[in-house]
Amino acid sequence: MPPHPRTPLPRLAFGGDYNPEQWPEEVWREDVRLMREAGVTMVSVGVFSWALLEPEPGVHDFGWLDRLLDLLHTHGVRVALATPTVAPPAWFYRAHPEALPVTADGVRYAFGSRGAICHSSTAYRAAAADITTRLGERYGAHPALALWHVHNEYGVPVSACYCDSCAAHFRRWIEAAHGTVDALNEAWGTAFWGQRYTSFEQIDPPRRTPGAVNPAQALDHRRFADATMRENFVSERDILHRLSPGVPVTTNFMTALSQCDTVDYWAWGREVDLVTNDHYLITDGRRTHVNLAMAADLTRSVAGGAPWLLLEHSTSGVNWQPRNPAKAPGEMARNSLAHVARGSEGAMFFQWRQSRRGAEKFHSAMLPHGGTATRIWREVVRLGSDIAALAETAGTRTEADAAVVWDWQSAWAQGLGGHPTVDHDPVERADAFYEALYDSHLTVDFAHPEADLTRYPLAVVPASYLMTEAAGRNLRRYVEGGGTLVVSYFSGIVDEHDAVHPGPVPGALRDVLGLTVEEFSPLLPGRTVRLDGPGGATWTADVWTEAVVPDTARTVWTYADGLTAGHPAVTRNRLGAGTAWYVSTRLGATDLAALLRTVRADAGLPAPAALPRDVEVVRRSGDGGTYLFAVNHTGSDATVPLDAPGTELLTATPVTGHLTVPAGAVRVVRLPPDA
Ligand code: GLA
Ligand code: ZN
């Protein structure tokens, strides 16, 4: 299905979530004055305002929002107006307790937080449609309105509900998906453990069972829960399209794989007018800027390559991780501009003014408790002017060198349990392959396994366990047509119903890779194996090994010890005009990067640019020109070679030959159009 036509914003956005209901109205005047001082162009308003907009059932108070939007408009600040449907009021739940979601264990959640929603509840759906309609009617043509922001972060904190309404809804969904009970029995493999059904009425969501639940049932339930949330998004979106024609509608995604893995963003990306994303640094000791780059690349890919917008990130620390370090001086701007480099049309934050009360009072904001006499505020003002200096980059697109094949549904299937080891995690493999590509200074697009890959000389498949036959054929065509493919272990194993493809594994990829796998042999924690490679080189691997039996594939690295000693560990298969590599064990990022240096020769990619580690160079280009973004994450000044003379936009200086990027800084060079 072609993506929905993207509606660009008129300019780069700078601003954040604005929750003025937490403050007396006198504070709003100071807010707008300071927003101007900081160069704020847009704020998200009303995300959690339902209880104020409708204090009693059917009784509305829009006066405060009228005054607020007019005030923002007078001060030239545009508005991303939210539908508050992530936070129904207390009275709603007293009237409709059945709208509170139920866990797989049968526990009903209570009111007192946010996001407690059963997406099948007819009362919830009706109430959400009603408040959305009223907002659309009242503000659909407001001059301050730039964007509709539906709901908030679908998929968190509740990604599925197991109540009786959802059970009935699930039955309708599986009936539509499978047609007949016999087809469902076949697809779910209910012959196993005597689960055969004779009517749809007998089927429940995968609630708590004494032993392992049927994995195909669990997989369909995840699809159902995702589709149900999307149905509710689409219903709000369509109301807004009708009442507010021409104004783009979005909902904020969380594409970072470690932050939300319950939503299939390939499907969601097709439904929004503008892809927007929330990104927070996960401070678990890994390189946060690599995770940021990956989330930004994934967001752009979900947008089909079109510009997107970072709708939330943080000026400094968050408050919901076990430990929440502050950002170092300069880090906020570096994070923001790294998103812009990868296609974001600006940078927005959660939130404008730091709260005094509630669960997020220690979450950083643009305007901290300490006010304007703070480092954060000074950096915010500076960033506002930096983003203004990049105005001309709006609408340009980030150029990618390679593709990473990613499928949320495959990741769901890998989480179903009953697999060879709990130590394998598809997100870990995606992170590792991404990091290796990042360290090779390649810019990456993500792609669905059935998407056309022909424009990429190199495509990488990190642990795509669930792979349809169509995806297998797609990858085969890609290689035959001259592509270079790298596949990680536990890929191409099962079909869309989690059934192992007929014959030896990996059924969907046997031909492409020119091999079969006779047996998986995962390693116990702390155990490693040695691999012997070309020219006497050795690598160490862990977690996963397997008995690979080559057919047309040639062995490049061999297991030197362990149960699979003597079997190929890394292979290369020539097929048609292309090459398919297979990596049957878990390599670390350094060894993967080394492998990619070999592979890029097959792909005809030039040798990596002469850049230091942790210096990113990304290009955005379009009709207006080509922009080279250089982001220096290191503590030393870096030199970036330039192919052509240009103008650095943040310092407004001409540059020739090479660009110096000071330690921790970002530079953006306008190059001649054909550079
Ligand atoms: C999410 C939410 C915001 C806020 C931030 C805090 O992104 O959308 O409302 O809770 O997290 O980091
Ligand atoms: Zn429910």
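## Ground rules

Since the model is predicted, local features need pLDDT of at least 70 and side-chain atom pairs count only at pLDDT 80 or more, while totals for chains, interfaces and linings use all residues; side-chain values use heavy atoms, with hydrogens and water left out. Residues are numbered from 1 along each chain as its sequence is written, and chains are lettered from A and ligands numbered from 1 in the order in which they are written.

## The parallel sheet

Let's start with an open sheet of nine strands, paired in parallel and ordered β5-β4-β3-β2-β1-β9-β8-β7-β6. Strands here are DSSP runs of E with at least two residues, helices are runs of H or I with at least four, and both are numbered from the N terminus. Two strands pair if DSSP finds at least two bridges between them. The edges belong to β5 (249-250) and β6 (252-253); each has a single partner strand, so one side of each is left without a neighbour in the sheet.

Within this sheet, β7 (residues 276-278) and β8 (residues 308-312) are joined in the parallel sense over three bridges, and Asn-277 sits opposite Leu-310 in β8. Helix α10 (residues 288-302) lies across β6, β7 and β8, at about 130 degrees to β8. For that angle, axes are lines fitted to C-alpha atoms, for helices over the stretch in contact, and angles run from 0 to 180 degrees between N-to-C directions.

## Around ligand 1

Which residues are around ligand 1? They are Phe-48, Arg-114, Asn-152, Glu-153, Asp-278, Tyr-280, Glu-312, Trp-320, Phe-350, Glu-360 and His-363, each with a heavy atom within 4 Å of the ligand. By class, this shell has four nonpolar, two polar and five charged residues. In this scheme Ala, Val, Leu, Ile, Met, Phe, Trp, Tyr, Cys and Pro count as nonpolar, Asp, Glu, Lys and Arg as charged, and the others, Gly among them, as polar.

## The mixed sheet

Another open sheet of nine strands has mixed pairing and runs in the order β12-β11-β13-β14-β21-β20-β19-β16-β17. At its edges stand β12 (444-447) and β17 (538-542), each with a single partner strand, so one side of each is left without a neighbour in the sheet. Direction ignored, neighbouring strands are turned by 20 degrees against each other on average.

Inside it, β11 (residues 402-405) pairs with β13 (residues 458-461) in the parallel sense over three bridges. Val-404 faces Val-460 of β13 across this pairing.

## Backbone details and a polar contact

Most residues other than glycine have a negative phi, and most peptide bonds are trans. The Val-156 to Pro-157 bond is cis, with omega near -5 degrees, and Pro-157 lies in the loop between β4 (145-150) and α6 (164-178). The bond from Val-505 to Pro-506 is also cis, with omega near -5 degrees. Pro-506 belongs to the loop between β14 (484-488) and α16 (510-513). Asp-498 is found in the loop between β14 and α16, and has a positive phi of about 65 degrees although it is not a glycine.

Finally, Asp-66 lies in helix α3 (residues 63-74).

Conventions
Contact means heavy atoms within 4.5 Å.
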